[in-house]
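Welcome to this short briefing on a protein chain.

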Amino acid sequence: MLTEKLSLTSDRLLSHQQLACCQSYCGIPLHGKKVLVYNNMDLQQKPLVLTGHHGDITAMTFGKGRSPPAFLCSASAEYIIVWDIELCQKRTQDGEVASGIVIGTLLGEVLHLSFCFSNERVAACSGAIIYILNSKGEEVISTLTGHLGPLTSVEFCSWNKDILVSTSEDRTFKVWDLRTETVVYQSFVLSASPLLSVLLLEKDRHLIIGSTDGQVWSFSLSDDYKCPLVTKMDLQKMEKRHQRTVSHQTGISKQSLVDECEVSKPVIRMASCGPSTDIDTDQEKNNSWFCIGGSDGLYVIDLATSELKAVFYFKDNPTLSISMAGSWSISPRCDESMLALVSSLFTPSVVLLEFYLSDLERTGASHEGFSIFPRSPPLLESPLNADLKKMEANQPKKKGGIKEQPLVFHSKVKSSGYTSAPRRIMFSPKTNVEKNSSSKKITKNAGLLHRDYPADSAAPTVPYIDLSISNKQVSCLQYSSDGKQILCGLGDSSVLLYKSSLTGSPTVYIGHDKPVSSVSWSLSRQWWLSASDDLSLRIWTICSSEPAAVMDDGMFSKPIRGAQFYYLDKFILLASGSSVYLCLYNVDSTRDDIKKYKQRSVIKPTKCLTTSSKEITALSAINDFLSYIVLVCGSDRSIQVTDMNKGAVASVVPDAHSRAIHCITQNKGSIFSTQAPDSYNLFLTSAVTDGVKIWDFRNLMCVRRYENHLNRCHPCSSAISPCGRYIASGSEDKCVYVYDIRSSNYLHKLQRHSDTVLSVAFNPATPELLTGTLDGKLRLFQSSSGSHLSHDYAAVHNVPDTTA
């Protein structure tokens, strides 16, 4: 909601002049040389008039402190003056002349002022020079030069008092160290247009830069001052996506955006949506939000997701005294509202506006909400209740007679002993017998004595093994649920089965005619499946090099984009074309030597669900525990939530990415780790040129975006660690990026891969990360805090040699 609290008419145009606004006061120039200060708490009160400048005032700003006294700094070509507002009010009431402290003289035309957070210093921008002034007296602490064009804004760092950031018309920004008066970081030329504004957010230590052409950059201002780019946003593109989302939710189709007039989107001023760093953290709605004052309204942006949350347009409020803004001064308040002093672009008027962010509703929160865990038993008519009829024996039934039965029940019969020599000693006790049976049991059960996944371990970043397995791409990787074995689907139509230590020769499974698109272990680890672009699906057993079941009877006209076991191994779930297939199966690995060609195993489709997409590009479901939900991504860039209990699409998220999603990954955890139940409602999606997004299944909202990795053309996958703390994503710059799930900044950049990293997978039992590249290389990374685990792991768990 937007309300106009005050409207003033000036004697001159103030469209590009810095005005002053804080929680308690707002100030504008009066007749060029005086300062008019209004009390925001009581606008009916007579304003305070401050005199002292001999020239026209060019810039004003209030101090950063929320508690009294309130300081105001105003600048003209002759003087820079700091006023104590409460003291000036008292003197005026006593009939005295209110006066301020002159802190700068003849410093030129100052276009921007900024207080530090302790209000002890003031930064003044005059041309291409920054003057650091003492706010208590006339003293130039330092003079900073280095920009090639006029300065447009400057801000002090809230968490480091000696750091200053400046932007300029030379299209660069600089980070200054005030102790040494040097530049610790200088950006490259960010845009073809001048940079206008800067904002520093202490929560995530982000540095945000805005330009005149609506481009917004977010950098990480770390202690080493390298300032890596976190995300880049285009205000105009975000606005179009927001309008499409609103139109989809309301069902009202707006006029085509092409027919509308293109309006420039300059980022005039930016401000945080929280009053201070000690804001109530329980109000997570706007912790990562910031606002942009543009020429046509106020834009509220979620930095975590790089999405536009709301827009307050001037045109939507015809009662306002302003239609286009020239300058902004924005101040957050404690009650989830914001005050903004805005000057008109074309008319000599100034308005004080109040915005209420508490009225904003989150996109996609209109439905009841979902949960990955079932809330009720399956319906009677649910497809999940389907069962496969037991197969009867193929032998012909005999009408009567005694059935032939074996005389013995063992494959070997002990000899009668007639041909052996007679025994001379009937019994001889053995006194030195080792208890082999018990040792075998211990060895056999050693694999059951698993250690818990270390929840506080560091991310796996230490290279351990580098292995070349093929000259074709590693399309997919998956660990078995116990973390002992790895399936590698390759672009040469084969599948390799490795030990988790990547030692020894792998078992090679050949049968597909085209590249393998997906592999999936069964929860019991007795068998696994593979799907390929040759329109076939095969179920394999570890003990045989031939598939136990083949599904290629021509029922699919398009490649299988996703296939996995589902519902605790009861079903096989796969997607082809625009349909999702739920299949029952029965694996019978026995073979008839005479009729080897005849398949005893059965795969029977029991439910076919057609989606609204022309083609399904990715599919995901939970198999580790019972869940009705299947997530489907389509070529129309949507995410569709399918309820298999009802056999219908429950909800659709349109335009989830700017491109079709090629990878969707759910937070499945592992049998070795324990997470909070709500954590399993998180899932990842990846799309070319659009980064990785993490979604909350309860409200189908994107809660964070990760964009540091490079993904322009190849389907690079992503994965969530078993502890739920890290995200790994492949990249086309021959690196793997490891993110903290709570921050958009990457923690580690695992370099020196030989080619594009297509596949990544976390070991469910120990902190290890496996990567596969486009040229057929595997690399295994271990945690720096637990790099010894792999050596102990095989010994403790007695990994069987099934790959010989």
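Predicted model: local features only at pLDDT ≥ 70, side-chain atom pairs only at ≥ 80, totals over all residues.

- Asp-177 forms a salt bridge with Arg-179 through their side chains, with 3.3 Å from N to O.
- Arg-179 has a relative accessibility of 59%, so Arg-179 counts as exposed, because the cut-off for exposed is over 50%.

**A pair between two loops: Arg-205 and Asp-223**
- Another salt bridge joins the side chains of Arg-205 and Asp-223, again with a distance given from N to O, here 3.3 Å.
- Arg-205 sits in the loop between β18 (195–201) and β19 (206–211), while Asp-223 sits in the loop between β20 (215–220) and β21 (229–234), so this pair ties together parts that are 18 residues apart in sequence.
- How accessible is each partner? Arg-205 is partly exposed at 34% relative accessibility, and Asp-223 is exposed at 60%.

**A pair between two strands: Glu-354 and Lys-5**
- The side chains of Glu-354 and Lys-5 also meet in a salt bridge, at 4.0 Å from N to O.
- Glu-354 belongs to strand β28 (residues 349–356) and Lys-5 to strand β1 (residues 2–9), so the bridge ties together parts that are 349 residues apart in sequence.
- Glu-354 counts as buried, with 6% relative accessibility, whereas Lys-5 is partly exposed, with a relative accessible area of 29%.

**Salt bridges across the chain**
- How many salt bridges are there by this rule? The count comes to 26.
- Some residues are linked in a network of salt bridges: Arg-241, Glu-307, Asp-690, Lys-693, Arg-705 and Glu-707.

**The chain as a whole**
- If you trace the chain, you will find four helices and 56 strands.
- The chain has 804 residues, and 54% of them are buried.
- Among contacts with a separation of 6 or more, 53% are between residues 24 or more positions apart.
- The accessible surface of the chain is about 37600 Å², and carbon and sulfur atoms account for 51% of that surface.

How values were computed:
Residues numbered from 1 in each chain as written. Heavy atoms only, no water. Buried < 20%, exposed > 50% of the residue type's maximum accessible area, 1.4 Å probe, protein only. Contact = heavy atoms within 4.5 Å. Areas by Shrake-Rupley, 256 points an atom, 1.4 Å probe, with all protein chains shown as cover.
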